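Please keep the sequence and the model side by side while reading, since the paragraphs below move from local contacts to strands, a helix and the cores.

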Amino acid sequence: MDLYSNIVGEGPPLVILHGFLGNSDNWKTLGTKFSEQGFQVHLVDQRNHGRSAWSNDFNYEILAQDVKMYCDKYNLKDIILLGHSMGGKTAMLFATEYSDLVSKLLIADISPRFYPVHHDQILNGLSALDFDEIKSRGEADKVFSDYVSDFGTRQFLLKNLYWVEKGQLGLRINLEVLKNEVAEIGEALPSYATYNGDTLFLRGDRSEYIGVGDERTIKNHFPKAKIETISNAGHWLHAENPDEFFKAVIEFIG
């Protein structure tokens, strides 16, 4: 599948993969900052997200193949690969399957292990948005707030809203398929999958996605992995503490 991307800067390629229900726009500010440090930054929309095409096929094997096709299209080699959450799982699998293409791997707030489905409330809230009735972002937020109480989380998810045409809002996600395939998001990395290159896992100090018990699992798959904690941050650590996140990434890749 041909993936949409926003490419900024010149230098060694840094490919960034967003999380579930996110898109490349979430990384625009940080992407620009990375490009100013001498990297060619590829902010990629994964399938069924952002401006990339929609498909009924959706699992990590397919998402990793999409990234391989993207690298082939732009002739990218020795990439630095950074993925958050779902994008982190895609990045892990890609690095284990195409290790010769990856010079360094960075994973933001996700472990290789299995996670049970926990997006039901969010998906139900997004499904409740009736765009025949809703005519503004404010009205969408009001409906969505019955399902997701946290304002910051709502604002992040409602970045998927866009004007399909004048007066008609829509979502830039393939909600039907993502609801049907949501169990795929929590799938574990295959037990045999390993990547022996330099790897950095970043976790938010207020997030429960990477616990103490995950450290051994990480090392089993990524023997050279370092694990660092970003302060004052939950799961969306790159948005909640962008300065510390930026510093940690640059120290690792610079």
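A polar contact is here a pair of N or O atoms within 3.5 Å, of which, within protein, one must be able to donate a hydrogen and the other to accept it. In this predicted model, the side chain of Gln 168 reaches the backbone oxygen of Phe 131 at 3.4 Å, and the C-alpha atoms of these two residues, which are 37 residues apart along the chain, are separated by 7.0 Å. Gln 168 lies in strand S7, residues 168-171, and, if residues up to four places away in sequence are not counted, Gln 168 touches Lys 135, Tyr 162 and Trp 163 as well as Phe 131. Because buried means under 20% relative accessible area and exposed over 50%, Gln 168, at 24%, counts as partly exposed.

Which residues cover the two faces of strand S2? On one side are Pro 13, Val 15 and Leu 17, on the other Leu 14 and Ile 16, and all of them are buried, so that five of the five residues in S2 (residues 13-17) are covered in this sense. Strand S2 runs parallel to strand S3 (residues 40-44), to which five bridges join it, and the bridge partner of Pro 13 in S3 is Gln 40.

Helix H1 itself has Leu 30, Gly 31, Phe 34 and Ser 35 as its buried residues. Seen down the helix axis, these residues fall within an arc of 140°, so they line one face of H1. An α-helix has 3.6 residues a turn, so residues three or four places apart point the same way. What covers the buried residues of H1 includes the strands S1, S2, S3 and S4, together with helix H9 (237-240) and helix H10 (242-253).

In soluble globular proteins, nonpolar side chains tend to be buried together. Here the largest nonpolar core has 59 residues, and those with the most contacts inside it are Leu 21, Leu 81, Phe 94, Leu 105 and Leu 126. Apart from this core lies another, of 24 residues, among them Leu 14, Val 41, Leu 43 and Val 249. Beyond its neighbours within four places in sequence, Leu 105 is in contact with residues that include Leu 81, Ala 91, Tyr 195, Phe 222 and Phe 252.

Most residues other than glycine have a negative phi. Asn 48, in the loop between S3 and helix H2 (60-73), has a positive phi of about 70° although it is not a glycine, and at 0% relative accessibility Asn 48 counts as buried. Asp 109, in the loop between strand S5 (102-108) and helix H4 (120-127), likewise has a positive phi, near 55°, and Asp 109 counts as buried at 0% relative accessibility.

Terms used:
Residues numbered from 1 in each chain as written. Predicted model: local features only at pLDDT ≥ 70, side-chain atom pairs only at ≥ 80, totals over all residues. Heavy atoms only, no water. Buried < 20%, exposed > 50% of the residue type's maximum accessible area, 1.4 Å probe, protein only. Helix = DSSP H or I, 4+ residues; strand = E, 2+ residues; numbered from the N terminus. Pairing = 2+ DSSP bridges. Arc of directions from axis to C-beta. Contact = heavy atoms within 4.5 Å. Core = buried A, V, L, I, M, F, W, Y, C linked by side-chain atoms within 4.5 Å.
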